[in-house]
Amino acid sequence: MGGKPGLSSAMAPVSLKTDYFNLSFRNFKLKTKQQELLIRVTALGLIYVLAFITRLFSVLRYESMIHEFDPYFNYRTTLYLTEKGFYEFWNWFDSESWYPLGRIIGGTLYPGLMVTAALIYWTLRFLSFAVHIREVCVLTAPFFASNTTLVTYLFGKEIWDSGAGLVAAALIAICPGYISRSVAGSYDNEGVAIFALLLTFYLFVKAVNTGSLAWSLGSAFAYFYMVSAWGGYIFIINLIPLYVLVLLVTGRYSMRLYIAYNCMYILGMLLAMQIRFVGFQHVQSGEHMAAMGVFFLMQVFYFLDWVKHLLGDAKKFQSFLKITVTCAVSVGALALGVGMASGYISPWTGRFYSLLDPTYAKDHIPIIASVSEHQPTAWSSFMFDFHILLFLFPAGLYFCFKRLSDATIFILLYGLTSMYFAGVMVRLILVATPAVCLISAIAVSATIKNLTSLIRTKSKIPHTGSAKGTSSAKASAKAYQDQSLPFQRNGAIALLVGAFYLLARYAIHCTWVTSEAYSSPSIVLAARGAYGGRVIFDDYREAYFWLRQNTPPDAKIMSWWDYGYQITAMGNRTVIVDNNTWNNTHIATVGRAMSSYEPEAYEIMQSLDVDYVLVVFGGVTGYSSDDINKFLWMVRIGGGVFPIIKEPDYLVNGEYRVDKGAAPKMLNCLMYKLSYYRFGELTTEYGKPLGWDRARGVEIGNKDVKLEYLEEAFTTSNWIVRIYKVKPPSNRW
Amino acid sequence: MARSSSSSSSTAKDAQALIQSLRSAYAATPTNLKVVYMAIVGSFPFNSFLSGVLSCVGTAVIAVCLRIQVNKENKEFKDLAPERAFADFVLCNLVLHLVIMNFLG
């Protein structure tokens, strides 16, 4: 009696267990569609996380801080926004920069990035996560990079199919061209702007494909976000009209296009004009006229279409067409001509004109030419930033041309124009990256699809062959297929393995590039010491905090414009010029002061109320981005406004030297003196003479520097930043 | 405008399309009047002038889009429900007028 229940109870759990296993097994055997969905969602989730964590190298190696120069300004404004609220921020006049002019910050910045970070900060605070605003700022860019991969997936799905979308998302998650401007700590406009750019394009292409008003409204909002985030919105407002024009010219005019473009243009333009920095440019600036022109052209096309529908007679319509088209074109050209001639429509500004004519900036606007990111791109940069995508790009173009539709025409235009601009300016590789990733993804996806279908058909055909009839034709055909198939299958497998190998090398390259080249904060420098250990140079922050703690609160600091943002953000002192570079004459004044002899420079500094001068010097550490290397640009910019400064005075036979053979004006100008003060007593390297400049690799010419109107206030531990105090005028009696 | 009325008379559509065609005719005329008025008065303040002009242009354009979507003769919009088209129209107009009100200053 006791055993039986025991036995039955022992049996029961076992049978229950097997039942349970059978049940779970049946549950796990999903249908193909669900399996595919699971794979897709998992892949997207992994890509999302990957895009975030690959950008965290510098946070792990150094600390969570803001990099470079521009992000410090963005950080300072975000801090102000979170402390004082939106109304104060929108109407902020800053008297701490561009002394004595000040800067209307509310009206001269793109608020998208700051408002985004502030919103994230307030949301996290509301959910009672006590985060500091700096952490939010540092991690904003990687977060938006992850969001960009999602939008890329949707965009790829719209253009080609979901497989291409997945590949595009994976490619753009690790592509160095995008990572370079969106690492953790690079709190700059582009981090958010690329997300907005892709979102606008995706929503617009979706609107053209479906013709619904809701999608065009969405794209207008995305365009508004883009305008609020970055000055590169000019690219959108010119690419979309160009795309519409191409569609019109190739005969693809349709109602959907009409609805999509009109709604997006009107609403987008209205929304964009809410940003004070943009203002009325959409109706007044030459760069935006293309959009307006295409808008009127669309109305003409609609009108013609309607007349065609009404008339129903081909001949009358042809003559009517000719008259209307000539009228419309002449009226448009006349309006444009009158607008430009009378000056109402301003011509293309120098920044964007130099994209069309790359030699323009060098001759006319030295400040734009001096920025290293504005130089033309070398081939090595392309290879560095794109790797295998560079040759997948033409392959993808071929696939796009094979299957032309409204969406693929768009991605073709985007890819070609952005590649042209990327060739003109290094910084614009960033804008080309999404297009290159998408087009390469099309190539990869289509090729892999063909290859795998080749592998799959081989296993199918013998079955169908045997199922079908036994006629001789069929048999011979089957035999022929059987013969060529082994080669096909092997070839396909080999090619697939090759493709996977290439993609694996791409991933390795991207991670290496991110780790080595794009994760340096630029404000903290690192080098290898004598025994292989890592040496950190934290001189910049040391100097700025010295300024913050040891100078009077209303002290004014003169330095070259590169460091302006950092000084105001970390040193909390007033600066004369900063990275905004909106006033060329002011910068030229500083440049003139730096390149003059000490007495003249003292006069200029008195007129600007300067209390301290800050220079960056790399002679002791071998740091090559110091002010002596940038000095020629100071001379050029100063000389552009004040003809008394002539560049040949500082060169010897066209050569820039700081050693004994240097020009006498060079050896005695203020910048030279401030950089090399007391340097002649220093031994920097074993076996080299005193005063050996490690950055230039020469022994300096003027070792005995005496300062008359300034005195040394502070030099950082590795001599990278040197601060001098301007002496007040001596007593007259 | 004539197209919509011809289609409505030929296919005996409901009165909605007729009302919309009238409304679009109404929406188009103020633009010209407003431009003439502004040309007389002068364009200061510019943002108010722009918002007035663009409000008229915007409403006209969106109304045209609605008519296109609702019109049964257009093959491309066969499977778009008229209620959805009207909802889109209302939404776009709402956004347009909110922005105009902000822009008026």
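Visitor: How many residues does the contact take from chain B and from chain A?

Guide: First, the ground rules: this is a predicted model, where local features need pLDDT of at least 70, side-chain atom pairs count only at pLDDT 80 or more, and totals for chains, interfaces and linings use all residues. Side-chain values use heavy atoms, without hydrogens and water, residues are numbered from 1 along each chain as its sequence is written, and chains are lettered from A and ligands numbered from 1 in the order in which they are written. Contact means heavy atoms within 4.5 Å. The count is 31 residues from chain B and 29 residues from chain A.

Visitor: What area do chain B and chain A bury between them?

Guide: Buried area is the accessible area (1.4 Å probe) that two parts lose on being put together, summed over both. Carbon and sulfur atoms carry 77% of it. The total for chain B and chain A is about 2700 Å².

Visitor: Which helix of chain B gives the most to the side that touches chain A?

Guide: Helices are DSSP runs (H or I, at least four residues), numbered from the N terminus. Helix 1 (2-11), helix 3 (46-70) and helix 4 (82-104) of chain B each give two or more residues to that side. The top contributor, with 13 residues, is helix 3 of chain B.

Visitor: How many residue pairs are in polar contact between chain B and chain A?

Guide: A polar contact is a pair of N or O atoms within 3.5 Å; within protein, one must be able to donate a hydrogen and the other to accept it, and residues adjacent in sequence count only if both atoms are side-chain atoms. With both residues at pLDDT 80 or more, the polar count is one residue pair.

Visitor: Is A:C400 buried or exposed?

Guide: Buried means under 20% relative accessible area, exposed over 50%, partly exposed in between (1.4 Å probe, protein chains only). A:C400 has a relative accessible area of 0%.

Visitor: Which side chain makes a polar contact with the side chain of A:S182?

Guide: A:S182 lies in the loop between helix 9 (176-179) and helix 10 (189-210) of chain A. A:S182 is buried, at 0% relative accessible area. Its side chain reaches the backbone oxygen of A:Y178 at 3.0 Å. The side-chain partner, at 2.9 Å, is A:R55.

Visitor: Which residue forms a salt bridge with A:E598?

Guide: The pair links distant parts of the chain, 75 residues apart: A:E598 is in helix 28 (residues 598-607) and its partner in helix 31 (residues 670-676) of chain A. A:E598 is buried, at 2% relative accessible area. The closest N and O atoms are 3.1 Å apart, and the partner is A:K673.

Visitor: How many salt bridges are there over all chains?

Guide: One of them joins A:E647 and A:R636, with the closest N and O atoms 3.2 Å apart. A:R181, A:D188, A:E190 and A:R427 are linked in a network of salt bridges. Over all chains the count is 24 salt bridges.

Terms used:
A salt bridge is a side-chain nitrogen of Lys or Arg within 4 Å of a carboxyl oxygen of Asp or Glu.
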